[in-house]
Amino acid sequence: MVFLMLTLVGMGYWAYDSNLHVGTQKKQPQVRENADYYLIDTQITQYNQEGDLDYILVSDSITHYPHNDTTLLQTPHLENFSNPQKPVVTDALHGKLLPGNEDIELWDDVVMTQTDLNNGSKVRVDTDFMTIYSEKGLAVTDRPVLITNDTGRTRAIGMEAFYKESLIKLKSRVRGFHEPKP
């Protein structure tokens, strides 16, 4: 009983001394973290401002989360035609469209292949993670990459691929094997 009395007196003094206001607190707006749409067997076709085919994105499923404006993709298959003579096809097990739906992250068994339609030559890039910046025509990774073409193989850590210009910049630990064509 004495303890209860001392507690009540202490709380009264504290409330008097600290201008305690008892009232309702504003509730934080509730953020919806579940998906707002889910699509299966999807295909997105994008045309540029001139009306030319820009890219086709195919995915087994697409799930959009509004709280961070991200879209998860299952087995994405991306065909980019920004350089019509050298289209780029990229596959992965998983992907994510970043907010704004312009850039995409791909991970697990990422394979990017660029084919030169003039001579049929191909360049293949294998890695486990890649970010593609569509507007820049740029693919970037900091992970190990294996680049294979008709005449050799090159391994490196990290890469920037400017696929519109068919240019690949390797970042570090570059090792290559080249065999000239007979």
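Trainee: In which strand does Thr 115 lie?
Mentor: First, some ground rules. This is a predicted model, where local features need pLDDT of at least 70, side-chain atom pairs count only at pLDDT 80 or more, and totals for chains, interfaces and linings use all residues. Residues are numbered from 1 along each chain as its sequence is written, and side-chain values use heavy atoms, with hydrogens and water left out. Strands (E, at least two residues) are DSSP runs numbered from the N terminus. Thr 115 belongs to strand E7, residues 103–115.

Trainee: Is Thr 115 buried or exposed?
Mentor: Buried means under 20% relative accessible area, exposed over 50%, partly exposed in between, with a 1.4 Å probe and protein chains only. Thr 115 has 18% relative accessibility, so it counts as buried.

Trainee: Which residues is Thr 115 in contact with?
Mentor: Contact means heavy atoms within 4.5 Å. Setting aside neighbours within four places in sequence, Thr 115 touches Gln 85, Lys 86, Pro 87, Gly 120, Ser 121 and Lys 122.

Trainee: How many bridges join E7 to strand E8?
Mentor: Two strands pair if DSSP finds at least two bridges between them. E7 and E8 (residues 122–133) run antiparallel, with eleven bridges. Val 111 has Asp 126 as its bridge partner in E8. Six residues lie between the strands of this hairpin, and Gly 120 there takes a positive phi near 80°.

Trainee: Which strand does E7 join through the partner of Asp 91?
Mentor: Strand E5, residues 88–91, runs antiparallel to E7 over four bridges. Val 111 is the E7 bridge partner of Asp 91. Strand E6 (residues 94–97) also pairs with E7 in the antiparallel sense, over four bridges. There, Lys 96 has Glu 105 as its partner in E7.

Trainee: How many cavities of 30 Å³ or more does a search of the whole structure find?
Mentor: Rolling a probe the size of a water molecule over the atoms shows where empty space is left. On a 1 Å grid over the protein atoms alone, a cavity is a set of points where a 1.4 Å probe fits but cannot get out; lining residues have an atom within 4 Å of a point. Grid points are joined across faces, edges and corners, and a volume is the space filled by probe spheres set on the points. The search finds two cavities.

Trainee: Which element gives the most to the lining of the second largest cavity?
Mentor: E4 does, with three residues. That cavity has about 40 Å³ of space.

Conventions:
On a 1 Å grid over the protein atoms alone, a cavity is a set of points where a 1.4 Å probe fits but cannot get out, and a pocket is an open set with protein on both sides within 12 Å along at least five of seven lines; lining residues have an atom within 4 Å of a point.
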